[in-house]
Amino acid sequence: MNSWLGTTWLIAARELRQGARARSFRIVTILMVAAAILIPAALHGHKSAQKVGIVGSGPATVLTVRTAARISGAAVQTVPFASLGDAEAALRDGKLAAVLVPGREVLIPRAPYAGVPTSGSSLEGALALAGGLIRSGETATAPTPSPSLPIRGLSPPLTGLSVRLTGLAVSIVIYVLIVIYGVRITVGVSEEKASRVIEVLLAAVRPSQLLLGKVLGLGLLALGQALAIVVTFVVLGAAVGSSLIHSASLEVVGVGAMWIVIGYAFYCTAYAAAGSLVTKPSDASTASTPVQLPLIASYVLTFTVLYGDSVYGFYWFLAFFPPTAPVSMTVLVALGVAQPWQVALSMLISVASTVLMAWVAARIYGRAILHTGSRLKWRQAWRREA
Amino acid sequence: MDTDVAPSESLELIELRRSFGELAALDGLSFSVPAGQVFGFLGPNGAGKTTAMRAVVGVIAPDAGEVRWRGAPVDAAARRTFGYMPEERGLYPGMMVLEQLVYLGRLYGLTAAAARSSALEWTARLGIADKRDLKIETLSQGNQQRVQLAAALVHGPELLVLDEPFSGLDPVGVDDMSAVLAERAAAGATVLFSSHQLDLVQDICEAVAIIHRGRLVAQGRLAELRRGGEPRLVVRVAGDPAGHWADGLAAARVTGVTSGTVSLALSPGADAQQVLDQARAAGPVEHFAFEDRRLSEVFREAVGADLDEVDRAAREERAAADTGGTRS
């Protein structure tokens, strides 16, 4: 038994050692640690006090705000206002996080997409809860049905939950299709190289034709699959009268479909270049890891904005950065925050970058595909003679 | 004998140069290949044969020099009339034989129907008709070689470029391959094949180019090359196992004696009849013949080194350098 376990452990230890030695493992670890530091900072990075406007004053107002600050864990600074109108104006201008009208309501700039928060984890929720409890205490002749003060958004939520869910689904489809077909390209190229059929092929066609033919063929397959998903979504949704089928959701699906094409075009040549570097198909997955890292990052960060109530600056950057734009911009469309011109500009940047990527990838592919012996590094392939 | 093959030359390699880092794989290589002949492109391992053939079919570009086909630089249209069998055989392992041959035929510009008809014909001709619907990876090495040859022939090429086609073949396979090459040459195709086993292929080709370190060291019709230099005689006189009859011969130099058979190099201008006369004077002559040089001897005389030694050194050099770099 011991020997069986010992042998098994030997195998496991070798896998551990080999895995930990891999450069891709180190890079992914560093990036994940960096993300673990940066994401919370990006989401809740502001340590400075949040300003809460107070309309009028009462003996319990200070206690309400203090209690709310303690419940939500936020640092709070109060700003007194003489009238509700002034407080609302300041809220609209973004000078305040919330306004407390003691004994009556809590105001926030935009109504949350999923209804008012019921917990005290957000500042406005805590204000509503503390304000309600204190009001109940002041007028404790008859208990109110709900102790919380009502929360009112000055403007309605940008999009509803169904559109956001569509956005999530579309971003998953974009991510999955690009990665699945991208890795297929990498494996296909590495198989052609490993089996040496590449030399027979290159005697008949140019490397660029071979590269284009491969990514086009698999691209059409991916597009066909995406089309099947979209058609099923629309037809089935319409047939059962799903709330997901309305103009906002269809817009997200349409934009997502365009991003699938653009995203695939951007990534496909890079995946082919990754395949040209390796000499064994078993190395294809490792070779393609660096290519898909930005896509993984944008996909993971999607959840931070789809379920949040605001979009932070870094996510806006991702929506215009070609490797992450296919997922991130689609999500911004689903959130209803991206203007048509912003979507168009992001697509334009991505298309231009696709041309550049194709040029770089074709150069690497052309120089690495006939190489035999050990696996090439990206830099070595770039510098090799054709 | 006609030594000038220029008028019918179809393929020309002109001053080809190609380096891989510090290594000059081709160092101003020039030779030409006439149509309608089986032409051997010979040299030890690492001489630059594969690099030159890759340059001919356009898989790599030379640093300098030019490849010409029928008097014009090779372009994409010309390349579609070439058939290539690389040294490191390669086909899609998971693809069916017929499907693969049709695909390759179509890549070279055949219609689907023409590619299928040609693939059917070649699989029948090469004895693999019953393997058409099998995956390449399930075939024996010998049958994979046959499919590889069919892949080079399926589009009816006018120039056949075969890199070490006899390597790994059994004697029957060598005979089959030689027959196909001779048949294509007889049909008017230009057939260029490489080999590092000079003596093994000397009966297969009509003309050869021998290279060493990326440069041409000998070229010509096989018969001329093998008879070139000093004419060689092999003489055996009955009752003289030590070959003493040849002592003091003025017309020839003794190059070796094996079991009474004396090998001689005839002096320039000397008459072989003088040798025969002296042999007959010593006793009954059992054997008297001119002997051709082997191609490995042609190589040794041209380079001043033994082919096997050069080959071994090249293999060791390659093994040391095989951590990276394209094969030359």
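Trainee: Into which domains is chain B divided?

Mentor: Domain bounds come from an automatic or database domain assignment. Chain B is divided into domain 1 (6–226) and domain 2 (230–291), and the centres of domain 1 and domain 2 of chain B, taken over C-alpha atoms, are separated by 43 Å. Please note that this is a predicted model, in which local features need pLDDT of at least 70 and side-chain atom pairs count only at pLDDT 80 or more, while totals for chains, interfaces and linings use all residues. Residues are numbered from 1 along each chain as its sequence is written, and chains are lettered from A and ligands numbered from 1 in the order in which they are written.

Trainee: How many helices and strands does chain A have?

Mentor: Helices (H or I, at least four residues) and strands (E, at least two) are DSSP runs, numbered from the N terminus. Chain A has 14 helices and 5 strands.

Trainee: What share of chain A is buried?

Mentor: A residue is buried if 20 or more other C-beta atoms lie within 10 Å of its own, exposed if 12 or fewer, and partly exposed in between; the C-beta atoms are placed from the backbone. In chain A, 40% of the 386 residues count as buried. Helix α7 (residues 197–204) of chain A is largely enclosed by the rest of the structure, because 8 of its 8 residues are buried. Among them are A:Val197, A:Glu199 and A:Leu202.

Trainee: Where is A:Arg384, and is A:Arg384 buried or exposed?

Mentor: A:Arg384 is found in the segment after α14 (378–383) of chain A, and A:Arg384 is buried, with 20 other C-beta atoms within 10 Å. Two residues are in contact if their C-beta atoms, placed from the backbone, lie within 7 Å. Leaving aside neighbours within four places in sequence, A:Arg384 is in contact with A:Arg367 and A:Ala368.

Trainee: At what angle do α12 and α13 of chain A pack?

Mentor: Axes are lines fitted to C-alpha atoms, for helices over the stretch in contact, and angles run from 0 to 180 degrees between N-to-C directions. Helix α12 (residues 325–335) and helix α13 (residues 340–368) of chain A pack at about 175°, with their axes 11 Å apart. Angles under 35 degrees count as roughly parallel, over 145 as roughly antiparallel, 65 to 115 as roughly perpendicular and the rest as oblique. The two helices, α12(A) and α13(A), are therefore roughly antiparallel to each other.

Trainee: Which residues of α12(A) and α13(A) meet?

Mentor: An α-helix has 3.6 residues a turn, so residues three or four places apart point the same way. Here A:Ala325, A:Met329 and A:Val333 in α12(A) meet A:Val343, A:Ser346 and A:Ser350 in α13(A). The residues of this contact divide into 4 nonpolar, 2 polar and no charged. Ala, Val, Leu, Ile, Met, Phe, Trp, Tyr, Cys and Pro count as nonpolar, Asp, Glu, Lys and Arg as charged, and the others, Gly among them, as polar.

Trainee: In what order do the strands of the open sheet in chain B stand?

Mentor: Two strands pair if DSSP finds at least two bridges between them. In chain B, 4 strands form an open sheet in the order β2-β1-β4-β5, with antiparallel pairing. Its edge strands are β2 (23–34) and β5 (72–73) of chain B, each pairing on one side only. Strand β1 (residues 9–20) of chain B is joined to β2(B) by 9 bridges. In β2(B), B:Leu26 is the bridge partner of B:Arg18, and B:Leu29 stands opposite B:Leu16. Helix α1 (residues 49–57) of chain B lies across β1, β2 and β4 (64–69) of chain B, running at about 120° to β1(B).

Trainee: Where is B:Glu164, and what is the phi of this residue?

Mentor: Most residues other than glycine have a negative phi, and most peptide bonds are trans. B:Glu164 has a positive phi, near 50°, and its place is in the loop between β7 (159–162) and α6 (171–186) of chain B. B:Glu164 counts as buried, with 23 C-beta neighbours inside 10 Å. B:Ser259 also has a positive phi, of about 50°, although it is not a glycine, but B:Ser259 is exposed, with 8 other C-beta atoms within 10 Å.

Trainee: How many residues of chain B are in contact with chain A?

Mentor: 24 residues of chain B are in contact with 16 residues of chain A. The side of chain B that touches chain A has 14 nonpolar, 6 polar and 4 charged residues.
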